[in-house]
Amino acid sequence: MEPPQRLYIHLPEKYEGFQKLGEWDHGIVITDLNPLVTLGELHNYFEKFGTITECVFRIDDSSGWPKGVGFVRYSSSEEAKAAEEAGPHCLGGFPLWINKVVTPKMSVQNRSDSQLNTPPCQSLRKDLCVN
């Protein structure tokens with residue numbers, strides 16, 4: 001059986017009270033990434049906003065090229081908010097679209113190695129993530 005995929009939720013500020021119902025990880029989804037940008041460049045660009053606990057981008061299985069979608073998880077909500085609000089962002093000559101997201105926390109024993117390194121693949125908005 002395939003392990004469950006994480007759900008990434010863009011939650012407007014007026015619904016922040018919803019976060020009191022559980023434990024959440026906070027981060028940003030980045031779209032329109034230049035396919036030549038490396039994971040190190042992505043990490044270096046966004047680490048100025050806070051402590052990064054995860055930094056990944058989606059790779060196309062057939063071509064091996066990045067799909068232009070990345071995810072950066074921060075250690076706090078304030079850091080993710082700072083990264084979202086600091087825009088406009090530009091990396092590798094491409095303007096980036098940034099959305100702050102939350103995702104339910106997963107305990108370490110419930111995460112597989114592939115989930116620790118897998119970028120977002122589910123979204124309530126289909127235009128944010130590409131499978």
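These legends go with several close-up views of a predicted model.

Residues are numbered from 1 along each chain as its sequence is written. Since the model is predicted, local features need pLDDT of at least 70 and side-chain atom pairs count only at pLDDT 80 or more, while totals for chains, interfaces and linings use all residues; side-chain values use heavy atoms, with hydrogens and water left out.

**View 1. The five-stranded sheet.** Here we look at an open sheet with the strand order β2-β3-β1-β5-β4 and antiparallel pairing. The edges belong to β2 (52-59) and β4 (89-91); each has a single partner strand, so one side of each is left without a neighbour in the sheet. On average, and ignoring direction, neighbouring strands are turned by 35° against each other. A few terms for this and later views: strands (E, at least two residues) and helices (H or I, at least four) are DSSP runs, numbered from the N terminus. Two strands pair if DSSP finds at least two bridges between them. Axes are lines fitted to C-alpha atoms, for helices over the stretch in contact, and angles run from 0 to 180 degrees between N-to-C directions.

**View 2. Strand β1 and its two partners.** Strand β1 covers residues 24-31, and eight of its eight residues are buried (buried means under 20% relative accessible area, exposed over 50%, partly exposed in between, with a 1.4 Å probe and protein chains only). Trp 24, His 26, Ile 28 and Ile 30 sit on one side, with Asp 25, Gly 27, Val 29 and Thr 31 on the other. Eight bridges tie β1 to the antiparallel strand β5 (residues 94-104). In that pairing, Trp 24 has Pro 104 as its bridge partner, and Val 29 stands opposite Asn 99. With β3 (residues 66-74), β1 makes six bridges, again antiparallel. There, His 26 is partnered by Tyr 74 and Val 29 by Phe 71.

**View 3. The two hairpins.** Start with β2 and β3, which run antiparallel and share six bridges. Ile 59 stands opposite Pro 66 of β3. Six residues lie between these strands, and in this hairpin Gly 64 takes a positive phi near 80°. His 89 has Leu 96 in β5 as its bridge partner. This hairpin has two residues between the strands, and Gly 92 takes a positive phi near 65°.

**View 4. Helices lying across the sheet strands.** Helix α1 (residues 39-46) lies across β1, β2, β3, β4 and β5, at about 140° to β2. Helix α2 (residues 77-85) lies across β1, β3, β4 and β5, and runs at about 160° to β5. Zooming in on Leu 42, and leaving aside neighbours within four places in sequence, we find contacts (heavy atoms within 4.5 Å) with Ile 30, Leu 33, Val 37, Cys 55, Val 56, Phe 57 and Leu 91.

**View 5. The nonpolar cores.** A nonpolar core is a set of buried Ala, Val, Leu, Ile, Met, Phe, Trp, Tyr and Cys residues joined through side-chain atoms within 4.5 Å. The largest one has 18 residues, of which Ile 28, Ile 30, Leu 42, Phe 46, Val 72 and Tyr 74 touch the most other members. At least two residues of this core come from each of β1, α1, β2, β3, α2 and β5. Apart from it lies another core of five residues, including Val 29, Val 56, Phe 71 and Val 101.

View 6. Val 72 has its place in strand β3. Seven of the nine residues of β3 are buried, so this strand is largely enclosed by the rest of the structure. Val 72 itself counts as buried, at 0% relative accessibility. Not counting residues up to four places away in sequence, Val 72 touches Gly 27, Ile 28, Ile 30, Phe 46, Ile 52, Glu 54 and Cys 55. Cys 55 is 17 residues away along the chain, yet the C-alpha atoms of Val 72 and Cys 55 are separated by 4.5 Å.
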